[in-house]
Each structure stands twice: as structure tokens, then as C-alpha cells.
Amino acid sequence: MTGTTRSSNGLDDRRKRLLFRCWHRGTREMDLILGRFADAEIGNLSEAELTELETLLEVNDPDLYAAITGDKVLPADVTGALFARIKAFPITDGDL
């Protein structure tokens, strides 16, 4: 997979912006983790979850990747329920 498989058609501006930011992180590993999650879930996230995603996107890639892989612990205000969903989200689908 080289990028988003989801169209931004039908998304509000906030969701479009978050979808783009998830796919354009700066490191390919984080693009794939956050981008694939956003492709699957961005249309279903609540306003609170969108805010949590915005907060997560402020964490730099090395720290966020280390937290997702279990090598680092991030502050509790960053690692809520949405972080747990991202961490549990399958990162491969056989196409990689």
C-alpha cells in the first residue's frame, strides 16, 4: 500500500485535514499505522475522538512509534481509548 485508499469525499473539513495528516507524518511507518487507521475509521470517529486524534498527531513520530510498539510510555493525557484502538488496529492486510 502506498497511500490512502479512502476518498475524502463526504468528509467535513476537520476529518479531511486529519486524514491527510495521518498519511503525511514524516516517517513511512507512522504513515502506514495512522493512515490505515484513519482510512478505516475517520468517518466514524466522534468529536471527542477527533480531538484525541489531533492530540496524538502532535506527538513526534519516534515517540509515538515507540509507544505503539510498547518501547515507550506516553503521558496519560495522550494515551486514551483512541490510542488503544490505534495500537490494536491491524497494521498489515496481506497486501504489504
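**Figure 1. Helices H1 and H2 packed against each other in the predicted model.** From H1, the contact takes in Leu19, Cys22 and Trp23. H2 contributes Arg28, Met30, Asp31, Leu32, Leu34, Gly35, Arg36, Ala38 and Asp39. Sorted by class, the residues of this contact are seven nonpolar, one polar and four charged.

Figure 2. Arg15 sits in H1, the helix of residues 13–23. Is this arginine buried or exposed? With a relative accessibility of 11%, Arg15 counts as buried, because the cut-off for that label is under 20%. Setting aside neighbours within four places in sequence, Arg15 touches Ile42, Gly43, Asn44, Leu45, Glu47 and Leu50. One of these partners, Ile42, is the subject of the next view.

**Figure 3. Ile42 in the loop between H2 and H3.** Here we look at the loop that links H2 to helix H3 (47–56), where Ile42 is found. Ile42 has 1% relative accessibility and so counts as buried. Leu11 is 31 residues away from Ile42 along the chain, and the C-alpha atoms of the two are separated by 8.6 Å. Ile42 is also among the residues in contact with Arg15.

**Figure 4. The crossing of helices H2 and H4.** Helix H2 (residues 28–41) and helix H4 (residues 61–69) have axes that come within 10 Å and cross at roughly 60°. That angle makes H2 oblique to H4. The crossing of H2 past H4 is left-handed. On the H2 side, the contact is formed by Glu29, Met30, Ile33 and Leu34. On the H4 side, Asp61, Leu64, Tyr65 and Ile68 take part. Six of the residues in the contact of H2 with H4 are nonpolar, none is polar and two are charged.

**Figure 5. Helices H4 and H5 at an angle of about 75°.** How are H4 and H5 oriented to each other? The axes of H4 and helix H5 (residues 81–88) are 9 Å apart, with an angle of about 75° between the helices. This makes H4 roughly perpendicular to H5. Leu64, Ala67 and Ile68 of H4 meet Phe83, Ile86 and Lys87 of H5. The contact of H4 with H5 comprises five nonpolar residues, no polar ones and one charged. Leu64 and Ile68 are also listed in the contact of H4 with H2.

**Figure 6. Ile91 and Leu32, apart in sequence.** Ile91 belongs to the segment after H5. Its relative accessibility of 48% means that Ile91 counts as partly exposed. Between Ile91 and Leu32 there are 7.3 Å in space, C-alpha to C-alpha, and the pair is 59 residues apart in sequence.

**Figure 7. The whole chain, as a setting for the close-ups.** The chain holds five helices and zero strands. Of its 96 residues, 40% are buried. Contacts between residues at least 6 apart in sequence join residues at least 24 apart in 63% of cases. The accessible surface comes to about 5,400 Å², and carbon and sulfur atoms account for 52% of that area.

Methods
Residues are numbered from 1 along each chain as its sequence is written. This is a predicted model: local features need pLDDT of at least 70, side-chain atom pairs count only at pLDDT 80 or more; totals for chains, interfaces and linings use all residues. Side-chain values use heavy atoms; hydrogens and water are left out. Helices (H or I, at least four residues) and strands (E, at least two) are DSSP runs, numbered from the N terminus. Buried means under 20% relative accessible area, exposed over 50%, partly exposed in between (1.4 Å probe, protein chains only). Contact means heavy atoms within 4.5 Å. Accessible areas come from the Shrake-Rupley method with a 1.4 Å probe; for residues, only the protein chains shown count as cover. Axes are lines fitted to C-alpha atoms, for helices over the stretch in contact, and angles run from 0 to 180 degrees between N-to-C directions. Angles under 35 degrees count as roughly parallel, over 145 as roughly antiparallel, 65 to 115 as roughly perpendicular and the rest as oblique. A crossing is left-handed if the near helix is turned anticlockwise from the far one by less than a right angle, and right-handed if clockwise. Ala, Val, Leu, Ile, Met, Phe, Trp, Tyr, Cys and Pro count as nonpolar, Asp, Glu, Lys and Arg as charged, and the others, Gly among them, as polar.
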